[in-house]
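Subject: Structure for you to look at

Dear colleague,

I am handing over the structure below. My notes on two parts of it follow.

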Amino acid sequence: MSRSLAIASLVVAALLGVATAETRPKYGGTLRIETRADWANSGNPARTLVLETLTTIAENGSVQPKLATSWEPQADSRRWQFTIRKNVKFHDGSPLNPTNIVDALTVNDCDGCPWRSIRAQSDSVTFEFSEPYPNFPAELASPRFAVALARAQDTGTGPFKVSDSRQDGVLLSAYEDYWQGRPFLDSIEVTTGRSERDQAMDMEVGRADVVEAGPVQMRRLQNQKARFTTSRPVELLALRIRTLRPELEDARLREAIALTIDRSSIHTGIFQGQGEMTASLLPNWLTGYGFLFPPQRNLTRAQELIRALGQAPSVTVSAEPDPLLQLVAERIALNLRDAGVTAKIAATPDRADLVVRRTTLTSGDAGAAVREIVSGFNIEPQPSADSPQRVYEQQRAILEEHLVVPLAFLPRTWVVSARLRNWIPGMTGWLRIEEAWVAESPRP
Amino acid sequence: MISAGYNPRYQMTSGTWKYAALVGWLLVLVSLAHSAEFDEPAANLARTIGGISGPGTISLTFKNTSSMPAQKVTELRRALEAQLRIAGIRVKNAETAATDVTLTISENFQSYLAVAQVAQGNELRVAIQALPRTQTAVTPATSRAVTIKTNLLISQAQPILDATQLKGLSPYLAVLEPEQVVIYRMQASGWNPEQAFPITHSRIWPRDLRGRLVPATDHLFDIFLPGTICSASATSPLKVDCRESDDPWPLGTQRAFYGAARNFFNGVMTPGIGPQSQVEPFYSAAGLPRSNYTLWTMAGVDGRVRQYDGFNTRVVASARDWGSDIVAIKAECGAFLLVTGNNDASMPDLLRVYEVADREPVEAGQPLELAGPVTALWNIDENFATAVVYNLRSNNYEAHDVTLTCNR
């Protein structure tokens with residue numbers, strides 16, 4: 001028996017010896033989480049442990065109360081009144097009330113907020129809209145509308161409070177007076193802005209308990225029998241076509257570009273078969289009608305459209321700074337050349353005509369998700385729709401503009417250490433660490 | 001000797017004809033009742049298709065890409081064709097129809113969908129309609145020595161901490177939720193809520209909230225929650241009064257002190273197990289009566305299962321895969337331990353039954369797979385337990401009566 005095998009056998013034997021019955025959660029312990037996103041980024045999932053929203057989306061997709069206990073539409077959904085939960089305190093001890101919610105939601109003039117006005121009443125907050133907005137309660141569940149004290153941006157009402165901020169992350173500690181009960185964990189060390197490669201290394205050497213993993217890291221960690229938890233496909237990779245030059249204002253050229261893309265080769269060659277190809281703004285698990293947006297390439301039709309333009313077009317292609325997206329941009333440039341388009345790779349996305357970007361769904365409500373994605377691609381969003389038919393029609397109208405070309409939906413994969421228990425990934429891959437706890441002994 | 005043969009032919013009398021007609025009508029009614037769940041969505045869809053195609057003829061092609069059973073697809077097809085006829089649309093074959101409709105049954109994470117692609121010439125339009133998704137029933141497991149039997153009392157979206165049928169008032173059910181106790185009355189349509197009493201408490205409930213509903217002899221019931229005790233009144237009208245209290249909770253013949261801000265018993269027992277009044281902190285405890293003492297089995301907070309007989313403490317090494325909820329239940333053939341599994345809350349749980357002849361637990365029946373994790377397991381009395389299961393499919397909390405029957 002080799003030495004390493006003997007040591008491994010001892011470790012397994014030791015684990016079996018101390019393995020214990022543990023179902024009910026245990027209080028205490030520190031968890032170490034690493035994320036790609038910076039702490040200030042509203043898309044950083046760890047922020048949801050600190051800041052809460054007025055509503056939340058349950059696992060079955062229904063809108064549920066959070067900091068608001070109830071809501072009602074008025075004036076044909078042009079006005080929404082939310083009753084605010086009582087006996088909730090911010091981490092600094094100050095009480096949650098309608099005034100500080102209004103302050104929180106207007107702190108930066110709320111650029112891109114859908115409401116026309118917002119006002120505080122004795123126990124409620126009222127939002128006014130220019131047009132009917134039936135799906136607004138679902139939209140308020142987005143982390144973009146998380147409530148923080150206007151005077152102290154990291155002071156929220158969530159189960160954990162920020163007890164220390166560093167350049168590379170934050171230290172969170174359990175909020176004893178949390179209105180839904182103190183979390184089980186005592187503290188969480190969140191290390192931010194960490195590349196997936198570095199996260200995988202930290203997991204390997206036991207420096208982290210929860211890390212994100214892309215397709216490349218997954219393969220590496222799979223060989224080490226790490227514990228994975230994978231969300232539904234929630235990360236949309238899409239091509240944003242900008243109309244910076246007159247040729248691209250012609251919808252025929254934009255349509256030709258969309259028809260040229262060979263998603264199948266991107267899916268198998270770059271994403272290693274993970275996730276799903278898509279020509280839809282929403283994943284099929286959320287809508288059920290992804291087949292109405294076929295993702296197949298149609299080079300013949302693309303060439304016809306380009307011939308009709310009269311001259312061979314020329315575009316620049318780039319991607320957000322992310323190795324995976326840059327590979328996708330290079331593949332798209334090759335696809336475009338097949339159709340007779342002169343495509344050059346631009347070093348930075350600033351002035352590129354076509355930019356590959358990624359955005360993550362945070363809402364399990366289809367109507368709110370369309371709006372969230374469209375906003376993420378800097379396109380003026382419409383009020384979010386509240387029925388499958390209307391959501392479909394809204395998607396169809398946006399896609400026919402060919403300003404955003406969906407490419408693929410990828411799942412978010414997290415690797416978790418053996419001592420973490422009861423961590424259930426939410427529907428859109430967000431952490432639900434408030435329910436998690438750490439075991440004294442790892443699970444065998 | 002009995003020879004094999006066909007059943008003799010009976011001539012149908014007028015009585016049997018009537019009987020056959022009745023059965024036929026019943027079958028029609030059952031079929032109509034089944035398709036009723038699709039009536040409203042089918043009517044909406046027929047209206048939308050009619051709005052696109054106008055009155056006349058259509059061809060209708062069905063595709064099922066979902067997990068909807070074939071029988072349900074047939075019911076949906078029947079319902080849609082009936083609604084199309086009401087809307088003045090006749091379904092013909094593709095050669096003679098003016099409009100071609102392809103109806104795809106698909107699904108998302110919430111519901112089934114009927115997606116109609118309506119083609120008229122070169123124009124293609126789409127109509128989408130959500131369809132209800134019904135749950136399938138779970139069959140109970142069979143067993144070896146004893147069989148675990150569960151009886152669903154109630155299923156609801158709100159968390160259930162405990163539930164019990166009230167003795168002496170058999171058609172009543174009390175359901176303990178975090179903020180209220182609800183009294184249900186059995187009626188023809190099932191349990192109907194009759195009264196709800198708020199649980200008043202000044203402290204914030206701890207996470208993984210646990211609570212017990214204990215039937216009483218001189219009044220209806222007591223409720224034990226972390227740092228709070230409530231009592232129902234003995235006289236009509238029914239009232240429930242709550243007070244802050246750290247009094248111990250009843251656990252069979254013992255009482256145990258429960259942490260007001262945590263999810264476990266701190267180990268102080270009264271009157272005590274023999275001379276032992278302090279044991280390791282534990283989540284649950286089950287007492288198996290012996291001739292002159294009680295053998296207590298406890299799921300410790302440290303993950304170990306221990307046995308206490310008043311003199312000795314023994315760690316049960318074979319209980320590594322037990323969960324933290326244990327009760328003792330009596331059946332005709334003895335007393336047994338009922339134990340949850342050690343899965344995470346994200347996975348279905350198993351209820352397992354053990355016989356403890358001397359000290360070593362031996363599995364005494366087939367485990368029962370549940371639709372989700374067990375969130376509470378309490379004795380109602382020595383013959384019954386209540387198990388609360390969080391159904392991972394329906395996202396509902398389900399309270400079940402649990403009993404054991406002996407296999408002969």
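To begin with one end of a helix: the N-terminal end of helix 2 of chain A is capped by A:Asn97, which has a side-chain oxygen 3.1 Å from the backbone nitrogen of A:Thr99. Please keep in mind that this is a predicted model.

Helix 2 of chain A covers residues 98-105, and six of its eight residues are buried, so the helix is largely enclosed by the rest of the structure. The buried residues are A:Pro98, A:Asn100, A:Ile101, A:Val102, A:Ala104 and A:Leu105. What do the buried residues of helix 2 of chain A pack against? They pack against three strands of chain A: strand 5 (79-84), strand 6 (117-120) and strand 7 (124-128).

The structure holds one cavity of 30 Å³ or more, and the largest cavity has a volume of about 60 Å³. Its lining consists of A:Ala138, A:Glu139, A:Ala141, A:Ser142, A:Arg144, A:Ser363, A:Ala368, A:Arg371 and A:Glu372. Helix 3 (136-139) and helix 11 (366-376) of chain A are the elements that give two or more residues to this lining. Helix 11 of chain A provides the largest share, three residues.

Which classes of residue make up the lining of the largest cavity? Four of the lining residues are charged, three are nonpolar and two are polar.

Regards

Conventions. Residues numbered from 1 in each chain as written. Chains lettered and ligands numbered in written order. Predicted model: local features only at pLDDT ≥ 70, side-chain atom pairs only at ≥ 80, totals over all residues. Heavy atoms only, no water. 1 Å grid on protein atoms, 1.4 Å probe; cavity = no way out; pocket = protein on both sides within 12 Å on 5 of 7 lines; lining within 4 Å. Points joined across faces, edges and corners; volume = space filled by probe spheres on them. Helix = DSSP H or I, 4+ residues; strand = E, 2+ residues; numbered from the N terminus. Nonpolar A, V, L, I, M, F, W, Y, C, P; charged D, E, K, R; others polar. Buried < 20%, exposed > 50% of the residue type's maximum accessible area, 1.4 Å probe, protein only. Contact = heavy atoms within 4.5 Å. Polar contact = N/O pair within 3.5 Å; in protein donor to acceptor, adjacent residues only side chain to side chain.
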